[in-house]
Amino acid sequence: MTTPEFRLREVALSAYGPSVVSAIGHGAVLPMLALRARELGADLGTAAFVVALLGIGQLLASLPAGALVARIGERWALVGAGLLDAVALVGAGFSGSVLWLSVAVLCSGMMWTVFLLARQQFMIEVVPDYYRARALSMLGGSHRVGLFIGPLLGALAVHQWGIRGVFWLAAVTAVIAAGIALVMPDPGAESRHEQAASGHLSVWSVMKEHRRVLVVLGSVVVVISASRAVRTTLLPLWAEHVHLTPAETSLVFGIAAALDMVLFYPAGWLMDHRGRQFVAVPVVLAVAVGTLLLPLAGGIVGVTVVALLMAFGNGLGAGIVMTLGADASPRLGRAQFLGAWRFAGDVGVTGGPVGLAALLALAPLTVACLVTGAIGLLGTAWVGYWTGRVDRLRRTG
């Protein structure tokens, strides 16, 4: 039951301000990355790879980010990541070749992982257990808000300065986010001093000690993250398959994003009051059922209905990965553990589209939808079983 000692509004600026501001910059850049690569002479495949480098950078930095945050703390990790991200974004804007753009995008992805992990660590330190899911769901929601606002401001920047303008905009937001982080409290200082006194734990030692949790619940995170990634990959392909125009596809995604964005607080409330299973299962189930229904969607109305179904599940799952990680994380070695946790999520984000691409190389799109949906139903059962066990342990422990 909520007690009066904690007031989220007292830490709201430092908790959510950096995330919203930084996400605005990334939201502005994401739609323009492939176009910037094409502007520099990249073919379609190379342009797609440049976009993928953002996720590859996140994957590469997950484990080192945990070690870094454990040593320097959330505040300085946020400040450093924000400033270095700004440098990378300026470099992307000034890049005169696809190679240098690729390097800048990879670096930006790495800094984004440090930023996100430090945000999660900060929230775990300042928010009591009974409010954890709501706080982390709102953190996920703040990220969604930024990604929603970013393309709108990005359009203005492109109109004023061309495609390079979105990189200037994102660099400015990264610096502002770092400035907000600079004045925020440092709640993990006591834990870091305790770890320093006993010797800093390595990422590998923390992973070894908690390997069973990371393997079992980490596989749940992989399934959830892969489902989300498949959703954003498969829907545009089907929209093109049924001959929706780019404008119609954008409209479908905008409508779905609006639903996704408004569900984050109810999601957190459900997790805190009913359990993690109540929101973990809908994420995977909604994608599985929606994917199975896609072959029946022959026009914009059908595609929109499926997109809304998937968005409903995804919106309810706002913050679920971070919440499960917070539940499972130890007090000592928490940042290192969360780095490994993020790695599992990044494996899902990267592996989902790769697996789908391999399937599409072997089968038509309709068959790929049915196979992906069937695999998703199996994943739903796996996620439901293990998150149910997590809920039972929380109630009894």
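Is L106 buried, exposed or partly exposed?

View 1. L106 belongs to helix 4 (residues 98–126); helices are DSSP runs of H or I with at least four residues, numbered from the N terminus. L106 is partly exposed, with a relative accessible area of 24%; buried means under 20%, exposed over 50%, and partly exposed in between (1.4 Å probe, protein chains only). Leaving aside residues up to four places away in sequence, L106 touches L53, I56, G57 and L60, where contact means heavy atoms within 4.5 Å. The C-alpha atoms of L106 and A42 are separated by 16 Å, and these residues are 64 apart along the chain.

**View 2. Packing of helix 12 against helix 13.** Helix 12 (residues 277–293) and helix 13 (residues 300–316) pack at an angle of about 165°, with their axes 7 Å apart. Helix 12 is therefore roughly antiparallel to helix 13 (angles over 145 degrees, on a scale from 0 to 180 between N-to-C directions). In helix 12, residues including V279, P282 and V283 meet V306, L309, M310, G313 and L316 of helix 13.

**View 3. Confidence along the chain.** The chain averages a pLDDT of 85, and 93% of the residues score at least 70; pLDDT is the predictor's confidence in each residue, from 0 to 100. Helix 7 (residues 189–198) has the lowest mean pLDDT among the elements (60), and helix 6 (residues 164–182) the highest (93). Where pLDDT is low, the predicted coordinates should not be read in detail.

Residues are numbered from 1 along each chain as its sequence is written, and side-chain values use heavy atoms, without hydrogens and water. In this predicted model, local features need pLDDT of at least 70 and side-chain atom pairs count only at pLDDT 80 or more, whereas totals for chains, interfaces and linings use all residues.

How values were computed
Helices (H or I, at least four residues) and strands (E, at least two) are DSSP runs, numbered from the N terminus. Angles under 35 degrees count as roughly parallel, over 145 as roughly antiparallel, 65 to 115 as roughly perpendicular and the rest as oblique.
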